Amino acid sequence: MTFNDFKNHLSTPVSVASLAFFRIAFGAIMFWEVCRYFHYGWIRRYWIQPDFFFTFPGFEWVQPWGGNGMYLHFMFLGILALCIMLGFLYRICTVLFFVGFTYVFLLDQSNYLNHFYLISLLSFLLIFVPAHRNYSLDAALVSKVISDTIPAWSLRLVQFQIGVAYFYGGIAKINHDWLRGEPMRMWLKDAVDFPLIGHFFASNWVPYFFSYSGMLLDLLIVPALLWKKTRTVAFISITLFHLMNAQLFQIGIFPWMMIAITTIFFQPDWCKNLLTRFYTNKVVDTNRAHLNTPTFPVNNWTIYVLGIYVAWQVLFPLRHFLIPGAVHWTEEGHNFSWHMKLRNKGSKGAFYVKDMDTDKKERKIKDKRYLSNRQRRKMRTRPRMVLQYAQYLKKIYQKKGYKNVRVRAELNCSLNGRPRQLLVDPFTNLAAIEKYEMPAQWINPLCYELKDGQKNYSKKDATKK
């Protein structure tokens, strides 16, 4: 395919119906998610009660609103989600939703979820794609907006972004632990009460079946959805996969969102054809007579910008291959790389603070005084957050009059059932490390290999001890 052929393909008019359904589904699910945060009290638990937040590098300035500001922020996000679903003031609402949701996403690393990252990216793309051209209030109120077609690039861009999440999720599964059935074996051991098939979960072959089938499904689902002959089987398979995940794991809206937005790989007019079953051809033809059918020339600059975005999405998730060490242990390059449900980590230990000029003994820190349960659990397994917390303790004790503060951590961590080992060097003064550099020399290398026949403990086993 020549450059001109590719350019012509991107400018080809396609039906707006599929993208409109994507917009409606996305807005509805985002509204549902906002309601869940109010219902379960997560707004207060995650962003009002904590005194400290694990910020992302370069976004230390992003802090929660004071007072009831976070409640108002989520109310605003809910209204914007409804407007996106209805296609009302679409361009304005997509910009505001992207900014508002990404702001929440950046507040605290301990709340990082891959599907929140995907939501942020999709809401960004919605700003530019004309998903409001039909089946929207904007199209009903403004005659110049309505159109039965959109440029193919807008549909392909959304398909690409969802495809990246699937494909790189599969690439991430090609690792030593996953191919040996871990941590799937540990999770299934806790789910033997699963309806109908739970009693099989204790069998040795089942973790391998789930691990390999999940990997192959992620790697092959996009081409299978794009090929008409395999599309129906592929969609049924991925739907069953997400329904299984929804039952096995507590992952919120993710399975339902993915089922809904995966329909973007269907024929562009699939939902319009479905609607025609409820209307006569005469009615459909009458409506089409009022639609605009513009052409969509694509200039070279548009292609260059799209190329830069695509290249970033392709290359950035691979950065951890350039960093020494096991990514699931060091966590360096783990975020934003579509590593989904690949590790089971637990850590025990404590932080110790001492004034090197005056103290003879160290003070053992009670983390509950400064962090929520969720923050504590996540921080103890993520070295970058360990360093942030150490710097926070340094500031606290400097305010108490400590002049030469030393902060160190003794954290015994286990990855996917391995024996516990020290995550970071217990003799390193973390308070003296001003900047996180990769690779971090104070992170201990992963010492234990996962071996066949190794005893792996489930969460239930841990609670019995």
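1. On the surface, Arg363, Lys366, Arg369 and Lys400 gather in a patch of positive charge. A patch here is made of residues with over 30% relative accessible area and no salt bridge, like charges being joined within 9 Å and nonpolar side chains (Val, Leu, Ile, Met, Phe, Trp, Tyr) within 5 Å. A salt bridge, in turn, is a side-chain nitrogen of Lys or Arg within 4 Å of a carboxyl oxygen of Asp or Glu. Lys and Arg count as positive and Asp and Glu as negative, while His and the chain ends are not counted; the place of a charge is taken as NZ of Lys, CZ of Arg, CG of Asp or CD of Glu.

2. The model is a predicted one, in which local features need pLDDT of at least 70 and side-chain atom pairs count only at pLDDT 80 or more, whereas totals for chains, interfaces and linings use all residues. Residues are numbered from 1 along each chain as its sequence is written, and side-chain values use heavy atoms, with hydrogens and water left out.

3. Lysine 366 counts as exposed, at 62% relative accessibility; buried means under 20% relative accessible area, exposed over 50%, and partly exposed in between (1.4 Å probe, protein chains only).

4. A nonpolar patch on the surface is formed by Phe76, Leu86, Phe88, Leu89, Ile92, Leu96, Leu137, Leu141 and Val142, which together have about 780 Å² of accessible area (Shrake-Rupley method, 1.4 Å probe, with only the protein chains shown counting as cover for residues). Helix 4 (69-86), helix 5 (90-105) and helix 7 are the elements that give two or more residues to this nonpolar patch. Leucine 86 lies in helix 4 and, at 43% relative accessibility, is partly exposed.

5. Which peptide bonds are cis? One joins glutamate 182 and proline 183, with omega about 5°, and another runs from methionine 438 to proline 439, with omega near -5°. Proline 183 lies in the loop between helix 9 (176-179) and helix 10 (184-189), and proline 439 in the loop between strand 6 (421-422) and helix 20 (459-464). Both kinds of backbone feature treated here and in the next point deserve mention because most residues other than glycine have a negative phi, and most peptide bonds are trans.

6. Tyrosine 135, although not a glycine, has a positive phi of about 55°; this residue is found in the loop between helix 6 (114-126) and helix 7 (137-141) and is partly exposed at 31% relative accessibility. Phenylalanine 336 likewise has a positive phi, of about 65°, and is found in the loop between helix 17 (327-330) and strand 3 (345-355), but phenylalanine 336 is buried, with a relative accessible area of 17%.

7. How many disulfides does a search of the whole structure find? The search finds zero, a disulfide being a pair of cysteine sulfur atoms within 2.5 Å. For cysteine 93, the nearest cysteine sulfur, that of cysteine 83, is 4.0 Å away, and cysteine 93 is buried at 5% relative accessible area. The sulfur of cysteine 447 is 12 Å from the closest cysteine sulfur, in cysteine 413, and therefore too far for a bond; cysteine 447 is exposed, at 55% relative accessibility.

Notes. Helices (H or I, at least four residues) and strands (E, at least two) are DSSP runs, numbered from the N terminus.
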